[in-house]
Amino acid sequence: MGKFDGYLICSDIDGTFSCGGEQSIEINSEAVKYFTSNGGKFTFATGRGLDHVKRPEFFSNMNAPACLYNGALVYDIQNEKALRE
């Protein structure tokens, strides 16, 4: 069991995960890798669309379905499948 089993973190992208540009994306990605490697689930809840979260700097961090378009779509990125629309 990991120390973060049962925890889910959902982050916005603009002004949160990527608030300081490329440097903050790198720092936040390292923190997310630590969190997920210890059992946590991480995804994005954002107004952005599917094409945006499929960018490698965001996609590589997610291990749970994303909430996109301000809640209009819940999408399983790993299986490329809409769960709710």
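These are my notebook entries on a predicted model of one chain.

**Ground rules**

I number residues from 1 along each chain as its sequence is written, and I leave hydrogens and water out, so that side-chain values use heavy atoms. Since the model is predicted, I took local features at pLDDT of at least 70 and side-chain atom pairs at pLDDT 80 or more, while totals for chains, interfaces and linings use all residues.

**Entry 1: overall layout**

I looked up the secondary structure and found four helices and five strands. I took helices (H or I, at least four residues) and strands (E, at least two) as DSSP runs, numbered from the N terminus. In sequence order the pattern reads β-α-α-β-α-α-β-β-β. The radius of gyration is 12 Å, close to the 12 Å that the globule rule gives for 85 residues, so the chain is as compact as a globular protein of that length. For this I used C-alpha atoms, with the rule being 2.2 Å times the number of residues to the power 0.38. I also noted that the C-alpha trace spans about 35 × 30 × 15 Å along its principal axes.

**Entry 2: surface, burial and charge**

Of the 85 residues, 33% are buried. I call a residue buried under 20% relative accessible area, exposed over 50%, and partly exposed in between (1.4 Å probe, protein chains only). The chain exposes about 5200 Å², and carbon and sulfur atoms supply 51% of that area. The areas come from the Shrake-Rupley method with a 1.4 Å probe; for residues, only the protein chains shown count as cover.

I counted 8 positive and 11 negative side chains, with the centres of the two sets 5 Å apart. Lys and Arg count as positive and Asp and Glu as negative, with His and the chain ends not counted. I placed each charge at NZ of Lys, CZ of Arg, CG of Asp or CD of Glu.

**Entry 3: contacts and core**

I take a contact to mean heavy atoms within 4.5 Å. Among contacts with a separation of 6 or more, 43% join residues 24 or more positions apart.

The largest nonpolar core holds 16 residues, and Phe 17, Phe 44, Val 53 and Leu 68 have the most contacts inside it. Such a core is a set of buried Ala, Val, Leu, Ile, Met, Phe, Trp, Tyr and Cys residues joined through side-chain atoms within 4.5 Å. Helix 1 (13-17), helix 2 (22-37), strand 2 (41-44), helix 3 (50-53), strand 3 (66-68) and strand 4 (73-76) each give two or more residues to this core. Helix 2 provides the largest share, three residues.

I listed the contacts of Leu 68 beyond its neighbours within four places in sequence: Thr 46, Arg 48, Gly 49, Leu 50, Val 53, Leu 73 and Tyr 75.

I looked up Ser 29, which lies in helix 2. Ser 29 is buried, at a relative accessible area of 10%. Not counting residues up to four places away in sequence, Ser 29 touches Phe 17, Glu 57 and Asn 61.

Asn 28 is also placed in helix 2, but Asn 28 is partly exposed at 24%. With neighbours within four places in sequence left aside, Asn 28 is in contact with Thr 16 and Phe 17.

Phe 35 is in helix 2 and counts as buried at 8% relative accessibility. Leaving aside neighbours within four places in sequence, I found Phe 35 in contact with Phe 4, Tyr 7, Ile 9, Gly 40, Lys 41 and Phe 42. The C-alpha atoms of Phe 35 and Lys 3 are separated by 8.7 Å, although the two are 32 residues apart along the chain.

**Entry 4: loops**

I checked backbone angles and noted Tyr 69, a residue other than glycine with a positive phi near 50°. Tyr 69 sits in the loop between strand 3 and strand 4 and is partly exposed at 42%. Glu 80, not a glycine, has a positive phi of about 45°. Glu 80 is in the loop between strand 4 and strand 5 (81-84) and counts as exposed at 56%.

Ser 60 lies in the loop between helix 4 (56-59) and strand 3, and Ser 60 is exposed at 52%. Arg 55 is in the loop between helix 3 and helix 4 and counts as partly exposed at 34%.
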